Amino acid sequence: MSRPLEEALIDDLVAILEEEQALLSAARAAEAAELAGRKLAALQALEQSLQHSPSVQNTPRLRDGISYIQRLAEENARFLEAIRHGLQSAITRIEGMNSSAYVGSYGRGGSQMAFTLATGAFNRKA
């Protein structure tokens with residue numbers, strides 16, 4: 001394959017990774033996830049192209065392009081890790097709220113009385 005083809009494939013993959021980074025930095029992870037198919041196809045096309053013409057890999061433009069792709073992919077991975085950590089933290093907080101929630105009634109003097117231990121009639125207040 002020719003150099004212009006590899007450069008076009010690199011430019012295509014860079015554009016996808018930059019779009020993904022913009023979406024991730026805007027906290028639009030679902031839309032970024034939709035790019036996975038395009039990103040994989042572009043990566044496979046570039047990989048096949050470089051396997052068929054290994055001498056092309058020695059050009060400075062291609063080395064710089066591949067280096068930039070690696071840097072973008074690492075930055076995007078950090079964004080995804082931050083999103084995952086934020087979701088995990090939110091889930092932990094919600095679970096904590098659930099475990100400390102009290103379902104029951106209150107007796108005389110303000111003591112808590114779980115419904116399973118309650119006897120007698122309860123008056124409803126409107």
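## Why is it called that?

Trainee: What makes Arg-84 count as partly exposed?

Mentor: Its relative accessible area is 43%. Buried needs under 20% and exposed needs over 50%, so 43% lands in between and Arg-84 is partly exposed. Keep in mind that this is a predicted model.

Trainee: And how do you know which label Glu-81 gets, buried or partly exposed?

Mentor: Use the cut-offs again. Glu-81 has a relative accessible area of 41%, so it is partly exposed.

Trainee: Why are the side chains of Glu-81 and Arg-84 said to meet in a salt bridge?

Mentor: Look at the N to O distance, which is 2.5 Å. The cut-off is 4 Å between an Arg or Lys side-chain nitrogen and an Asp or Glu carboxyl oxygen, so the pair passes.

Trainee: How far apart are Glu-81 and Arg-84 along helix α4?

Mentor: They are three residues apart in helix α4, so about one helical turn separates them.

Trainee: How many salt bridges turn up in the whole structure?

Mentor: The search finds five. One of them joins Asp-11 and Arg-61, with the closest N and O atoms 2.8 Å apart. Asp-11 sits in helix α1 and Arg-61 in helix α4, so this pair ties together parts that are 50 residues apart in sequence.

Trainee: What about Arg-38 and Glu-19: why call their meeting a salt bridge?

Mentor: The N to O distance is 3.7 Å, which is within 4 Å, so the label holds. This pair also links distant parts of the chain, with Arg-38 in helix α3 and Glu-19 in helix α1, 19 residues apart.

Trainee: Now Gln-21. Where is it found, and what makes it buried?

Mentor: Gln-21 is in helix α1. Its relative accessibility is 19%, and buried means under 20%, so Gln-21 counts as buried.

Trainee: Which residues does Gln-21 touch, not counting those up to four places away in sequence?

Mentor: Leu-72, Glu-75, Asn-76 and Phe-79.

Trainee: What makes Ala-27 exposed?

Mentor: Ala-27 has 66% relative accessibility, over the 50% cut-off, so it counts as exposed. Ala-27 lies in the loop between α1 and α2.

Trainee: What is the phi of Ala-27?

Mentor: Phi is near 60 degrees, a positive value in a residue other than glycine. Most residues other than glycine have a negative phi.

Trainee: What about Ala-15, which label does it get?

Mentor: Ala-15, found in helix α1, is at 40% relative accessibility and so counts as partly exposed. Ala-15 and Ile-69 are 54 residues apart in sequence, while their C-alpha atoms are 9.7 Å apart in space.

Trainee: Which residues touch the most other members of the largest nonpolar core?

Mentor: Ile-10, Leu-13, Val-14, Leu-17, Leu-46 and Ile-69, out of 16 residues in that core. Helices α1, α3 and α4 each supply at least two of its residues, and α1 gives the most, with eight. Leaving aside neighbours within four places in sequence, Leu-46 is in contact with Glu-6, Leu-9, Ile-10, Leu-13 and Ile-69. In soluble globular proteins, nonpolar side chains tend to be buried together.

Trainee: What pattern does the protein chain follow along the sequence?

Mentor: It reads α-α-α-α-β-β, with four helices and two strands. Of the 126 residues, 21% count as buried. The chain exposes about 9300 Å², and carbon and sulfur atoms supply 56% of that.

Trainee: How do you know where confidence is highest and where it is lowest?

Mentor: Compare the mean pLDDT values. Helix α2 (residues 29–33) is highest at 92, and strand β1 (residues 104–106) is lowest at 67. The protein chain averages 82, with 76% of the residues scoring at least 70.

Conventions
Residues numbered from 1 in each chain as written. Predicted model: local features only at pLDDT ≥ 70, side-chain atom pairs only at ≥ 80, totals over all residues. Heavy atoms only, no water. pLDDT = per-residue confidence, 0-100. Core = buried A, V, L, I, M, F, W, Y, C linked by side-chain atoms within 4.5 Å. Buried < 20%, exposed > 50% of the residue type's maximum accessible area, 1.4 Å probe, protein only. Contact = heavy atoms within 4.5 Å. Areas by Shrake-Rupley, 256 points an atom, 1.4 Å probe, with all protein chains shown as cover.
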